[in-house]
Amino acid sequence: MGQASGESSVANEGGPSAADPLPAPPRPVSLLRLFLVCFQIGLFSFGGGLSGWMYQEVVVRRRWMSEDEFLSGLALCQVMPGINVSNLVVYIGQRLHGALGSCVALVGLLVGPFFIVIGLVLVYERVAGVAWVQAAMDGVAAAAIGLLMFVGYKGARRSLHKVPAAAVMAAIIVAIGLLQWPLVPVVLVLAPVSVAFAWPRAGDA
Amino acid sequence: MRDNPYIALILVFVPFSLVSIGGGASIFAGMQHQSVDVHRWLTAREFIDLFALGRAAPGPGSMLVTLIGWKVAGLSGAFVATAALLVPSSVLCYVMARVWNAHRGKTWHKALENGLAPVGTGLILAGAIAILRLAGASAASWVVAGAAAVLLGLWPRLHPILLLAGGGLLFVLYRLALG
């Protein structure tokens, strides 16, 4: 009676089989399912870290993609302009359902937070005059900056042992963070320079 | 025509969409400059509040853009600003996703990945600096931000909402202690 067979069929363990070298073709995933997964992640994820959750859902729990497919897509989404996690759902949607999948996944991710954040600001405007509310918002903002600094620290650690990368990073911090030069032209100049420096390095690897 | 708020929002956020390498956090510095200094949609105080609200809400931290649009032109402004920031980069990402899978392992593939990573890192750190400056550069802000970063370094799986709530609580206690 302890068997409860079939309970774990969703996980589809397939115990003895080794890791498949070829990425499995995406199984048909309904658009509604894709929407609901993205909607849930958008609604219940706080303060970043959505990519980690997305990995759990898409690769580990539902096996919509292989790990390699997901991780290379994640790298692409971090390199491309755009919010990382919104790029990620565009990538996942494209892989599973083409252009329509991308649209459904993106709308699913954003529709919940869109209305919640507006609801929050409406509440906030009623209590904005209260002194301790101001203090609390300053504290939340400071902690949120700490989250950014941690991401920056992880990236800096990767870049610091390469001179061109460290120089590009430092130039951007000084120009935009300290001198407050306009962001768009600075990036348009420095990004091609940085890629040009990375070119021979990529060839070696 | 120059005063149309929707066109102004689009003109500000579409370019940001296309240069936001490293994620939404990389354009906070630029968004702050445009919406506070250039267009005067918000005061510095309001920008900090909206930033904190965007971070305390679920979803991507960049929902800040929704709130700026809301401040400028209500619900339709929120929608226009959000779409202006998201649609261009998403279309670009969609096209790249198709090309990407066909060229995995190629040289340009790696060069882009390696070359753009430090750009994204620099932008995120510049954004952190820009917001800290706005926050009045009070010593308490720096301490809480640094402490949150260190705590994450020690326990990467720490839930972000705990850090945000902890920061808010510390500031309230600090304020009460000062009287």
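**View 1. The contact between chain B and chain A.** Contact here means heavy atoms within 4.5 Å, and on that basis 94 residues of chain B and 91 residues of chain A take part. This is a predicted model, in which local features need pLDDT of at least 70 and side-chain atom pairs count only at pLDDT 80 or more, whereas totals for chains, interfaces and linings use all residues. Side-chain values use heavy atoms, with hydrogens and water left out, residues are numbered from 1 along each chain as its sequence is written, and chains are lettered from A in the order in which they are written.

**View 2. The area buried between chain B and chain A.** About 8100 Å² is buried between the two chains, with carbon and sulfur atoms giving 78% of that area (the accessible area, 1.4 Å probe, that two parts lose on being put together, summed over both). B:Leu53, B:Pro58 and B:Tyr94 supply 7% of the area that chain B buries against chain A, more than any other three residues.

**View 3. The salt bridge of A:Asp138 and B:Arg45.** The side chains of A:Asp138 and B:Arg45 meet in a salt bridge at 3.1 Å, N to O, where the term requires a side-chain nitrogen of Lys or Arg within 4 Å of a carboxyl oxygen of Asp or Glu. Between chain B and chain A the count is 2 salt bridges.
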